[in-house]
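Colleague: Could you walk me through the pockets in this model?

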Amino acid sequence: MNKEKVKRILDAFDDMYPDAQCELVHHNELELLIAVMLSAQTTDASVNKLTQSLFQKYRCVEDYANAPLSQLEADLRTIGLYRNKAKNVKAMAQKLIDDFDGQVPCDHDALQTLPGVGRKTANVVISEGFKVPAIAVDTHVERISKRLGFAFKKDSVLTVETKLQKAIPKERWIKTHHQMIFFGRYHCKAMNPDCGHCPLIDICKEPKRKKYLNLTE
Ligand code: SF4
């Protein structure tokens, strides 16, 4: 994608979402890591509702590691996939204690050795928790990247990440990541994108935009 187009997109994001930020409530890196782990296939609002009491009850990494699995499951039961998430959170906490002195590491590869932590989660923790530039490609970022032409439809998540990193100035990675999530969550939704009010409709590659442009291509 040429620089002019990238600038158009980033300017539009700045106009629409100047204050875009992580919507998962957290007060430290451990809470962030747990919130991101809990957010898989679950809305941020549901996670925040749960963590409001969870973070009061579980104060440190040992609290998660030492909790009986059945108790942790009960405490997470309001969100989807809670059994699996409880298992991963407990195992993740134990590994933090065993291998990282109980601290969340600021290292991409180290983070991915933790149970339940994949590339996307590691990128969120690194960028949001430690403010180290990274672009986490979740379902919104992947969809927006493909619709706006940063990547091709067939591209893997990893390829999308690499293409975004090449196209977007590094100092904007963290901000743009949040703006793409907001754009995908509130405007360019998967099923009903608001093409009629989209400032990027002339750039977009999504077929659904055509009815607003009267195109026959
Ligand atoms: Fe999304 Fe529609 Fe805008 Fe394309 S034109 S980016 S599909 S809202």
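Colleague: Which helices each supply at least two residues of the lining of the largest pocket?

Modeller: Those are α3 (44–57), α8 (119–130), α9 (139–147) and α11 (173–186), helices being DSSP runs of H or I with at least four residues, numbered from the N terminus. This is a predicted model, in which local features need pLDDT of at least 70, side-chain atom pairs count only at pLDDT 80 or more, and totals for chains, interfaces and linings use all residues. Residues are numbered from 1 along each chain as its sequence is written, and side-chain values use heavy atoms, with hydrogens and water left out.

Colleague: What volume does the largest pocket have?

Modeller: About 480 Å³, where a pocket is an open set of points on a 1 Å grid over the protein atoms alone that a 1.4 Å probe fits, with protein on both sides within 12 Å along at least five of seven lines, and lining residues have an atom within 4 Å of a point. Of its 21 lining residues, S39, D44, D138, H140 and R185 are the closest to the centre.

Colleague: And where does it lie relative to the domains?

Modeller: Between domain 1 (3–19 + 136–214) and domain 2 (29–130), because both give residues to its lining; the bounds come from an automatic or database domain assignment.

Colleague: Switching to the second largest pocket, which element gives the largest share of its lining?

Modeller: That is α6, with three residues, and the pocket has a volume of about 220 Å³. Its lining includes V36, M37, N84 and K120.

Note on methods. Grid points are joined across faces, edges and corners, and a volume is the space filled by probe spheres set on the points.
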